[in-house]
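Okay, thanks for making time. Let me put the model up, and then I'll walk through a sheet and a pair of helices.

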Amino acid sequence: MGLKPTAINPAVIIGSMDPRKVRLQRETCDPAEVAATLAGAEVGAVVTFTGTVKEVTEQGTVERIEFSTDEPVALAQMEALRLETCERFAIHDAALVHRVGMLEAGELIVVCCAAAAHRGDAFRACEWLIDTLKQRVPIWKQEQAPDGTRRVAPQHEVKYGADG
């Protein structure tokens, strides 16, 4: 069963967002730095997921991928997703950082972290966070291969069509 993107007001969500925990950025990202933002006295586990640009996909060789988005909408969706993760799971907090721009094969794309008192809760929350980010957040990618450029639809377009 798929998840529909949530209707939100980007200005309201972004105004209260902590940019250490939710952001889009062009430069590389240190997963340990992102995870460190979740430290707390009650935290016994921090699970971190990192996604990288694959050099070989089902469609063939990839040299680089360009990621683009409507930044205010994506940030608002990401913050709403962070808050929902905290409500759904027994976790202390969560963080998610996604890169935009041109990334070479092997480069880091995304970091998702979940912090909880116990590892099981953190693992479940982190898995749900990355899966749901791919379903809800409008981030588009265009693979560039040696044999030409091709667009790859984000997961939320595949499930719901371009209009969400």
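So, in what order do the four strands of the open sheet come? It's β7-β5-β9-β10, with antiparallel pairing. Before I go on: this is a predicted model, where local features need pLDDT of at least 70, side-chain atom pairs count only at pLDDT 80 or more, and totals for chains, interfaces and linings use all residues. Residues are numbered from 1 along each chain as its sequence is written, and side-chain values use heavy atoms, leaving out hydrogens and water.

Strands here are DSSP E runs of at least two residues, helices are H or I runs of at least four, and both are numbered from the N terminus. Two strands pair if DSSP finds at least two bridges between them.

At the edges you've got β7 (101–104) and β10 (148–152), each with a single partner strand, so one side of each has no neighbour in the sheet. From one strand to the next, the twist averages 25°; angles run from 0 to 180 degrees between N-to-C directions, with axes fitted to C-alpha atoms, for helices over the stretch in contact.

Now look at β5 (residues 64–69) and β9 (residues 139–145): six bridges join them, antiparallel. F67 sits opposite K141 in β9.

On to the helices. The axes of α3 (residues 71–88) and α4 (residues 119–136) come within 10 Å and cross at roughly 150°. α3 and α4 are therefore roughly antiparallel, the label for angles over 145 degrees. Contact, meaning heavy atoms within 4.5 Å, involves residues including L81 and R88 of α3 and W128 and L129 of α4.

Key. Parallel < 35°, antiparallel > 145°, perpendicular 65-115°, else oblique.
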